[in-house]
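My entries follow in the order I made them.

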Amino acid sequence: MADKELRKMNRTELIEIIYALQQNERTLRTENEKLRRQLDDKLLRMESAGSIAEAAMSLNHVFEDAEAAARQYLDSLRYVDENVDKILSEARQQADQIVAAARQERTAQEPEPAPRAETRRQRRTRPPSEETRQQRRTRPAPEDTPRRRERHLK
């Protein structure tokens with residue numbers, strides 16, 4: 001039937017039909033191309049969604065590992081803090097015992113300290129002893145010493 005109708009048509013009608021079919025083919029091709037792009041985009045999104053989900057899962061593991069490491073670090077700090085107080089108190093007790101023993105030993109072995117020598121200031125300010133007074137009385141007068149005489153003569 002289609003063959004008979006085509007044979008009855010003239011040349012211009014056939015060209016018009018061919019032209020319409022070509023236009024229809026172009027629109028179908030562009031639509032096909034558009035649909036393929038959309039399909040590729042959807043596939044890419046699904047792939048990236050899969051990789052994002054995998055990345056999120058791996059990040060969750062990283063965060064879990066980091067949280068476990070932080071928890072372990074804090075536990076070790078607490079343990080050290082508790083033990084430092086104990087060790088410090090024991091060390092202080094031992095130090096106090098050692099210091100007390102050393103003081104007892106020093107007081108037992110050490111003789112009384114020798115009196116310290118007097119300084120010039122202390123000698124000047126203290127009252128003269130009886131012996132010193134006698135030495136001053138027997139000392140020659142200042143004019144009698146050779147140096148003093150020289151000074152007076154000048």
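Entry 1. I began with Glu67, which has a relative accessibility of 48% and so counts as partly exposed. The cut-off for exposed is over 50%, and buried means under 20%. I note here that the model is predicted.

Entry 2. I looked for the partner of Glu67. Glu67 forms a salt bridge with Arg71, and their closest N and O atoms are 2.9 Å apart. Arg71 is partly exposed too, at 46% relative accessible area. I then checked how the two sit in the sequence. They are four residues apart in helix α2, so about one helical turn separates them. Side chains of opposite charge can pair when their charged atoms come close.

Entry 3. How many salt bridges does the structure hold? I found four.

Entry 4. Arg37 pairs with Glu33 in a salt bridge, with 3.8 Å between the closest N and O atoms. The cut-off is 4 Å, so this pair counts. Arg37 and Glu33 lie four residues apart in helix α2, which means a separation of about one helical turn. Glu33 has 45% relative accessibility, so I logged Glu33 as partly exposed.

Entry 5. Asp75 makes a salt bridge with Arg78, the closest N and O atoms being 3.1 Å apart. Here the spacing is three residues, about one turn of the helix, and both residues lie in helix α2. Asp75 is partly exposed at 41% relative accessibility.

Entry 6. I turned to nonpolar surface. Which residues make the nonpolar patch of about 370 Å²? I listed Tyr79, Val80, Val84 and Leu88. I placed Leu88 in helix α2, which covers residues 11-109. The relative accessible area of Leu88 is 39%, so Leu88 is partly exposed. Patch residues need over 30%, so Leu88 passes that cut-off.

Entry 7. I stepped back to the whole chain. The chain has five helices and zero strands. Along the sequence I read the pattern α-α-α-α-α.

Entry 8. Last, I checked burial and surface. What share of the 154 residues is buried? I wrote down 1%. The accessible surface of the chain is about 15700 Å². Carbon and sulfur atoms account for 54% of that surface.

Entry 9. My summary covers helix α2. Among the pairs placed in that helix are Arg71 with Glu67 and Asp75 with Arg78. Leu88, from the nonpolar patch, is in helix α2 as well.

Methods: Residues numbered from 1 in each chain as written. Predicted model: local features only at pLDDT ≥ 70, side-chain atom pairs only at ≥ 80, totals over all residues. Heavy atoms only, no water. Patch = residues over 30% accessible without salt bridge, like charges linked within 9 Å, V, L, I, M, F, W, Y side chains within 5 Å. Areas by Shrake-Rupley, 256 points an atom, 1.4 Å probe, with all protein chains shown as cover. Salt bridge = Lys/Arg side-chain N within 4 Å of Asp/Glu carboxyl O. Helix = DSSP H or I, 4+ residues; strand = E, 2+ residues; numbered from the N terminus. Buried < 20%, exposed > 50% of the residue type's maximum accessible area, 1.4 Å probe, protein only.
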